Amino acid sequence: MHGIGVFVCHCGSNIAATVDVKKVVEMARLEPGVVHAEEYQYMCSEAGQERIATAIREKNLKGIVVCSCSPRMHEATFRKCAEKAGLNPYMVEIANLREQCSWIHKDIEEGTEKAVILARAAIAKVSLNTSLLPGESRVTKRALVIGGGIAGIQTALDIADAGYEVDIVEKTPSIGGKMAQLDKTFPTLDCSACILTPKMVDAAAHERINLYTYSEIEKVSGFVGDFTVDIRKKARYVNMDKCTGCGVCMEKCPSKKALSEFNSGLNNRPAIYTPFAQAIPNVPVIDPTQCTKLKTGKCGICERFCQAGAIDYTQKDEIVTRKYGAIVVATGFEIIKLDNLEEYAYSQSKDVITSLELERIMNAAGPTKGHLERLSDGKAPKNIVFVQCVGSRCDESKGKPYCSKICCMYTAKHAMLIRDKYPDVNVTVFYIDVRTPGKNFDEFYRRAVEEYGVNYVKGQVGKVAPQPDGSLLVHGVDLLDGKQLKISADMVVLAAAVEPSPSVRKIATMLTASIDTNNFLTEAHPKLRPVESPTAGVFLSGICQGPKDIPETVSQAGAAAVKVVGLLAKDKLLTNPCTAKPDELMCNGCGSCANVCPYGAISYEVKEINDHGIRENRRVAVVNSALCQGCGACTVTCPSGTMDLQGFSNRQILAEVDAICR
Amino acid sequence: MKELLQDGTVNRVLGWKKGDLPYNPEPAFFKSAEELDEFIYDGFCGANLSKYMIAASALEGKTLVLLKPCDSYSFVQLMKEHRVDREKAYIIGVGCKGKLDIERIKAEGVKGIESISGAEIDGDCSTLKIGTIYGEKEVAYKDAMLERCHVCKGKEHRIYDELMLESADTLDSGRFEAVEAIENMTPEQKFAFFKNELSKCIRCNACRNVCPACSCRKCVFDSTKFDSAQKANVDEFEEKMFHIIRAFHVAGRCTDCGECSRVCPQGIPLHLFNRKFIKDINEYYGEYQAGNNVEDETPLTDFTFDDLEPGERR
């Protein structure tokens, strides 16, 4: 191609400090087809863009290369600029001289050499670019929220209040999530249920919110604006329309051996149950692994006592297929398993508990009706030791490398509440650091120390040893005094790390949303797009994206809702024209491409093909460009090279490689 | 076969015809009963006829095709890839007592071959009696067999309309022994091994042309659309890449029929590349035999949530 313009950006000193931009311009001029090359301090600025537009117009440029930052940052900016100047936006290529060059090199010579090579590759590619036109796709004005905890509820409420329909899919029998299990909330100590349950009721009562509880995502297809989702409504064995929520069935159920999930397994629940009294919907489910009737065919007591006739042992899982324009992931967290942290004796002693278990013990609706007592003998503890960072900031062979963020604050809360209610109990907290960045957080922690006399010890616990008398000997270290400590405790509370709900892996795969090494969902940009997944139309709310407390979760939930509303408010979306295109003459019709396509965009048709004079009917691949997202999986699977990606053709990529290797 | 041709059930027969030497029969289409006089099926009929069925599927009427047990895997794989039309094929599954490798016979020091007996399929296939210009020689049938027959996948046909002739078990070696030996080499040894083997390649394309998985309408190595066309023998590196690219293109689809190694005039053990892929697929995704049946999910192009993550091993 003749008529290529190259524009090298200094990015202030970001690029110019490690790359000799003048040299890049000089070298670019030598490349075949380049008729214009210049450098400027900020190409993305108004003045920079004007330079590009002027050059396009005056020199009648056919394609341009902008040597600047990552295309994720400003590709759209420069495409718009080119379009305004009359050039097809897909005749723009970006050479990433910042993230992939200047930021990782120290030596200016090395940096410049690489910058020249990157520019050369982009010039080689743009020479083979063709004009592309985006298509249009529709937007289904309905959102899906996966997860019915506080994050999901808040996101759904905000979207619904803005006037759009929302479905919440929650895998447990009730919405409410982990927040429903908490007793009090920091830093104000207001009762968790008191602030959560009204929101649960609001969500259930909202005319534009539809709840799918006890349901899971089975399959996702489609793309931004037009997702199709299969939801598995698990069999409840209770007719939701008939049930009045009277609760008689739960009282009468003779099978009461299942551990209560809501009470962290500290007491039992019947086979037919609602997780907690304020559950929404207030319709029980039958746990098929526990129900005698479902297991052996004998019993049927709940059915006999149900005046509403709501029990239905024949119910089956049901798959509902719905369309959505946007999907919000709000799958929340779990507490890590403590199997690799045996030094804390969690599995050896009933009196070593996690903080979430303590929440239930402290709660009036919990297994001990709110009385602080040892689970082993029901006695009131006199000495309680809290251990922080259990599996957080930890060697990856044992736990998680990250800070779980909420533990410092809830431990201060627990310590304070215990000292307030039971002033005779000694409370010791072992910590690595106390992290309290948040409004009124440090004041809260200082109150625990100063007003409530909680004994904070900087240091870690090496071992918790259960003693024959039932007490627990805590071996720790006081780093400030440089002393080893042995404290006899009758209860040890572990601030176990949080981790993303294990269900998120499957959901992320279905949504083709990326996750990091710790299974947290990745945001599109850590600073500038924190509630969007890199996958268009998928948004993030709550701990699935990273550890956070309730106020942060609620703000992020609102932010995600705004992004969803911004999307749903559009009637049409422009589709990416960089889609797969088969060469019918070469297609074998083997089916490999359709097999690997995550979007169901490829189908097969028998077509009459004129192959250099030979007319015959052949089975060939056909791409639905509205469904194709340009991932390129088909192009690398196709053995004959039939499939090519527009804008990223095999020829273009090989030209880049050749230019780099030259 | 003559009857089926004469009564019009099939329009042609795809089989083997006598060659000009006692050991080189060749694949052939027979259109009449008279032509069938030249038909032969003996121990030297190693050629896998499945691939010819791609072309035959486009012809008028049915083709009677003779498939050995191992060939039937290739046929099923081609069905799975929509390359052959089952309706256009009348499949006679023929028995197999192991197929012979003339190079092995020659390696026994047998020269000047004039006639060979003992390769007949209805015989006991234990000893080959070879008439040469130097007198009669004997070679044990087993010692003259192709490598692939020693690691035989079994004598059961995966697909057929009719079965003919008996088979004899020939499996007596581990299928992956040679691959394991290479896996145990140091990287330097491996490189030297493959460099040596692949340097023999003359790019005659016989391996590609015979391979039932290499059935693209237009091979990437023949297409001007790619810069790979005829690039393969420009230097030592490209020469190796041809075979490596070919192995990647057939990975997950190769049934291990062994035709590539059988036809290689340079004696390169090309099947080892494919067998390494098969071994890896077995280890990463569980036992898988391409061409076993049409319904099987294909490990390299089907996704399950249990699939291994990069770096994991089963």
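## Helices across the sheet of chain A

The model described here is predicted.

Strand β3 (residues 63-68) of chain A is joined to β4(A) by 5 bridges in the parallel sense. Within this pairing, A:Val66 has A:Ile94 of β4(A) as its bridge partner.

## Domains of chain A

The domain assignment divides chain A into domain 1 (4-126), domain 2 (142-234 + 317-332 + 501-568), domain 3 (248-305), domain 4 (334-499) and domain 5 (580-646).

Between domain 2 of chain A and domain 3 of chain A, the C-alpha centres are 27 Å apart. Their contact involves 15 residues of domain 2 of chain A and 9 residues of domain 3 of chain A. On the domain 2 side, the largest share, 5 residues, is supplied by helix α6 (residues 192-205) of chain A. By class, this side of domain 2 of chain A comprises 9 nonpolar and 6 polar residues, with no charged residues.

## A mostly covered helix: α11 of chain A

Helix α11 (residues 407-421) of chain A contains 15 residues and spans 21 Å from its first C-alpha to its last, close to the 21 Å expected at 1.5 Å a residue. The helix is mostly covered, with 11 of its 15 residues buried.

The buried residues of α11(A) include the run A:Cys407, A:Cys408, A:Met409, A:Tyr410, A:Thr411, A:Ala412, A:Lys413, A:His414, A:Ala415 and A:Met416, together with A:Ile418. Among the elements that cover them are the helices α10 (355-362) and α12 (441-450) of chain A. The covering elements also include strands β8 (184-185), β21 (383-390), β22 (426-431) and β27 (491-496) of chain A.

## A hardly covered helix: α7 of chain B

Helix α7 (residues 187-198) of chain B has 12 residues and reaches 16 Å from its first C-alpha to its last, close to the expected 16 Å at 1.5 Å a residue. This helix is hardly covered, and the count of buried residues among its 12 residues is 0.

How values were computed: Residues are numbered from 1 along each chain as its sequence is written. Chains are lettered from A and ligands numbered from 1 in the order in which they are written. This is a predicted model: local features need pLDDT of at least 70, side-chain atom pairs count only at pLDDT 80 or more; totals for chains, interfaces and linings use all residues. Helices (H or I, at least four residues) and strands (E, at least two) are DSSP runs, numbered from the N terminus. The expected span of a helix is 1.5 Å times one less than its number of residues. A residue is buried if 20 or more other C-beta atoms lie within 10 Å of its own, exposed if 12 or fewer, and partly exposed in between; C-beta atoms are placed from the backbone. Domain bounds come from an automatic or database domain assignment. Two residues are in contact if their C-beta atoms, placed from the backbone, lie within 7 Å. Ala, Val, Leu, Ile, Met, Phe, Trp, Tyr, Cys and Pro count as nonpolar, Asp, Glu, Lys and Arg as charged, and the others, Gly among them, as polar. Two strands pair if DSSP finds at least two bridges between them.
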